[in-house]
Amino acid sequence: MAFKFRNSDSFSNILIKYFSFKNETKSMEPLIDLLPVLRNCDFEEFLNFLKENPEVTENFSYYIKNLFKGKPFNLSLTEANILSENAFYPELKKRLLDKLLPNIENEDTIWYLVDNISVQPKKDLEFFRSLSAEQFDELFLLLKLDDYITKKEVKRELLFSLNILAWRIIGNAMEVEVLNMAPEYRNFDNPFLALQNEIDVLNQDFKENPDFVIDSKDVNFKQIKVYLQQCLDFVTVAFKNSAKYGISGKINQSLLKIRQQLERMNDILSVMLINEESDVIKNSKQLFLNILDYKSHKNNLKELFADSTTLMSHLITNHTAETGSHYITSNRRDYLKMFFRASGGGIIVGALCVLKMLYSYFPGSDFLHAILYSLNYAMGFVMIYLMNYVLATKQPAMTAATMAKVLSAGENTKKNYQDFAHLVSRLFRSQFIAFMGNVLLAFPVALAIIYGLDVFFKQNFALEKSATLLKDLDPIQSKAIFHACIAGFFLFLSGIISGNVGNNSVFYHIPKRIEKNPFLNYFFGKNLAKGLSDYYAKNWAGIISNFWFGIFLGITGPIGLFLGLDLDIRHITFASGNFALGLYGADFSVTAYTFWISFITVFLIGFFNFLVSFGLSMVLAFRSRSVNFGEVKEIYKEIFRYFWRNPLRFFFPILSKDLDIRAQEMVDTVSTKSEDH
């Protein structure tokens, strides 16, 4: 059986087949057949064929004009590659649906024609952009499309598109929540309304003289450009103020939408601007390329994620960066203080290890155990936070944001990289001493508690669990490293939750609402309301993130059992406590291999906890602050050079006066900027 493949003919065969006569068809098939062939042929040969066959060229030109005649293209300018929803998830849902099952468009629009003719718009756009200016000009001249931009119906569509965009911008920009993001503009005339007034003048000029031409000396054009820039400045100020006032996903999306629409108005004005004769064909070509470009990005998910999440991730890491600066020790006193704070965290975790083991003996379903484990972890982590103790692996997610914030705030010089390398050494030794404080106390505390229970109840509660606990610390017999990575991911996630809660608290003015609450002020007084407000502002984000971190750790194992998957978590501090319980349950009668592999695995678990949480947090923080990833390689080189020269500084607080001062200035600069905000 013979198969007929589309586009198997050469361009000459296609042109002769369809345009050797005056073709009155409005079918898209000729262009659908021709476009893929053009992408793979010598375009110079195609132009020569058109020049050598004027009758075919004339018929081809007539077909294109007839096909597009009377079809509006405003949708291609006002809809394509512009957010259509004021929230991220509805927009994501819409784009996913349109990508899988394209929307049914009105067949009498250029939007519909472009959708069906250019099935691979990115490739088509790349092809037309690869043509030389002379080749592109010649194509438009041969097809008599060189003056397309001066046609009355084209001008009418361009002006109508400007009107649609201006009306939509005003609708979004006049929302109270959007206006509140830029209070600096309250004492000025609204630039969005002024812009609409100037667009109305442009429309009036067209009605009075449809042949009018806009040039750069036109007073109305200059005014529109000024107001466009003022509107863009408004959006920029609103985004900058998000660090001060916080921002919601809806407002973030509205501001993005306004900016996209303003940029689109700028594009439309650019193709309408004709200062000299050569601009006519240049703008005709540009309008064609713009429509194809907008279409190629219409349902782009990557751009949606990038645009919609960059600011939110910046605000989230902004909160965690401010918190993270408190986790970097600067001198011996801070170093010892970090050890004692981490020791307090180790004591609590040691007790949590024993509690979890006891909960595992409770008869009940996996769901019950998930609740018990989650509450055990959550209770312990919140307690550690409120008592100002330290859980070592909570630090990386916070300090990564500080690192990125320092880099984005500083100058990219070799001296700055050296100072940053010293700051990294301070961070690393802070992590190291926090690990040691957690591990060195969790082990003996767990051991002391299980021994006390044995003495008191005359029963070794760790006996039945001993083999499992020690096996879980063997990376060969278990997935200890993978489970440590899962815990690292949850650490990263808890950092995001902390930042998100902090941002929402600022945006919705929660502390101020508490302080000004009439009920609290009337019944309990201003002092208590103020105290509650300050407490909420200082602690709520940390409480919520620690609570959810505990929930994540507690439910992972039971969910893994329910799904039949080997899912669990391994955390260095809990691994240390479980190591103690495993040894006690086995009456310390274990092989040298079991002891040393478990001992080493405790620190391996800590390394992967740190690596995953810090790595993911750094990626998020770098992205949110537009740190150039090309510079990261140079930064890492400088860090390794510094480690090679000063390895002990990565573990102990060895003084270096000049470097310490400069590194502290980097952190202080970040903290000062945060306070200014």
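Predicted model: local features only at pLDDT ≥ 70, side-chain atom pairs only at ≥ 80, totals over all residues.
View 1. Residues are numbered from 1 along each chain as its sequence is written, and side-chain values use heavy atoms, with hydrogens and water left out. Leucine 528 lies in helix H26, helices being DSSP runs (H or I) of at least four residues, numbered from the N terminus.

**View 2. Surroundings of threonine 573.** Threonine 573, found in helix H27 (residues 572-585), counts as buried because its relative accessibility is 0%. Its side chain is joined to that of asparagine 438 by a polar contact of 3.3 Å (a pair of N or O atoms within 3.5 Å; within protein, one must be able to donate a hydrogen and the other to accept it, and residues adjacent in sequence count only if both atoms are side-chain atoms).

**View 3. Aromatic pairs.** The count comes to 49 aromatic pairs, where rings of Phe, Tyr and Trp (its six-membered ring) pair if their centres lie within 6.5 Å, with planes under 30 degrees apart counting as stacked, over 60 as edge-to-face and the rest as tilted. Phenylalanine 206 and phenylalanine 212 form an edge-to-face pair, 6.2 Å centre to centre with 65° between the planes, and both residues are buried.

Definitions and conventions. Helix = DSSP H or I, 4+ residues; strand = E, 2+ residues; numbered from the N terminus. Buried < 20%, exposed > 50% of the residue type's maximum accessible area, 1.4 Å probe, protein only.
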